[in-house]
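Please look over the sequence and the model shown below, and keep both at hand while reading the report that follows.

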Amino acid sequence: MLHCLHCWSQAFSSSNGNRYLCESCDFTFYLNASWGVAVLLKDISGNYLRMIRGRDPYKGYLDTAGGFIDPGESAEEAARRECHEELGIEIHTLTYLGSFPGEYERCEITRPIINLVFEATLSLDQIARISLSDEITGVESYPLDLLPRDRLAKNIEGIQTLLFP
């Protein structure tokens with residue numbers, strides 16, 4: 001944090017990583033985690049579809065469909081919205097797999113996040129309807145045991161703990 005959100009003093013410091021205290025006015029601010037969703041998409045044969053990121057952060061790395069949960073939105077609604085926004089497809093059935101903590105880096109600011117991970121199986125028709133954008137420039141398919149872990153975007157590394165216990 002650069003300054004106090006209450007009095008704008010720069011005498012704002014962190015004592016434990018997420019608790020910031022202003023030495024000028026005693027205002028306390030907690031930098032709590034934001035909530036996000038990640039959707040692992042599979043084809044009907046069980047291969048995992050990975051999207052190639054088209055922009056930073058992690059441009060060119062493999063990622064999942066997903067993003068932040070908007071205010072007033074459930075995690076399931078966010079997962080469906082992100083699949084529609086990023087890939088142009090409708091997802092009906094989601095299976096919750098678990099969660100993992102992470103960090104999201106953007107413009108030299110690192111935010112703590114909690115990712116809620118879902119899985120969905122796509123029909124051949126849904127896969128044929130995937131449309132690419134500036135956010136997603138390609139889609140690759142891998143059996144789980146051949147998933148190139150070194151090409152996964154850093155923001156989804158925690159998914160490996162769910163896939164490879």
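## Arg-81 and its salt bridges

In this predicted model, Arg-81 counts as buried, with a relative accessibility of 17%, where buried means under 20% relative accessible area, exposed means over 50%, and partly exposed lies in between, using a 1.4 Å probe and protein chains only. Arg-81 forms a salt bridge with Asp-70, and the closest N and O atoms of this pair are 3.5 Å apart; a salt bridge here is a side-chain nitrogen of Lys or Arg within 4 Å of a carboxyl oxygen of Asp or Glu. Helices (H or I, at least four residues) and strands (E, at least two) are DSSP runs, numbered from the N terminus. Asp-70 itself is partly exposed, at 37% relative accessibility.

Arg-81 also meets the side chain of Glu-85 in a salt bridge, at 3.3 Å from N to O. Both of these residues lie in helix α1, four residues apart, which is about one turn of the helix, and Glu-85 is partly exposed at 49% relative accessibility. Through shared partners, salt bridges join Asp-70, Glu-73, Arg-81, Glu-82 and Glu-85 into one network.

## The nonpolar cores

A nonpolar core is a set of buried Ala, Val, Leu, Ile, Met, Phe, Trp, Tyr and Cys residues joined through side-chain atoms within 4.5 Å. The largest such core has 20 residues, and those with the most contacts inside it are Val-39, Leu-41, Leu-87 and Ile-91. At least two residues of this core come from each of β4 (34-42), β5 (48-53), α1 (75-87) and β9 (109-121), and α1 gives the most, with five residues.

Apart from neighbours within four places in sequence, Val-39 is in contact (heavy atoms within 4.5 Å) with several residues, among them Ala-79, Cys-83, Leu-94 and Phe-118. A second, separate core of 12 residues includes Ile-52, Leu-62, Leu-152 and Leu-163.

## Gly-138 and the cysteines

Gly-138 is found in strand β10 (residues 136-142) and is buried, with a relative accessible area of 9%. Leaving out residues up to four places away in sequence, Gly-138 touches Arg-50, Met-51, Ile-52 and Leu-132. The C-alpha atoms of Gly-138 and Leu-62 are separated by 9.3 Å, although these two residues are 76 residues apart along the chain.

The structure holds zero disulfides, a disulfide being a pair of cysteine sulfur atoms within 2.5 Å. Cys-7 is in no disulfide, and the nearest cysteine sulfur, that of Cys-22, is 3.6 Å away. Cys-7 is partly exposed at 33% relative accessibility, whereas Cys-83 is buried, with a relative accessible area of 0%.

## How to read the values

Residues are numbered from 1 along each chain as its sequence is written, and side-chain values use heavy atoms, with hydrogens and water left out. Because this is a predicted model, local features need pLDDT of at least 70 and side-chain atom pairs count only at pLDDT 80 or more, while totals for chains, interfaces and linings use all residues.
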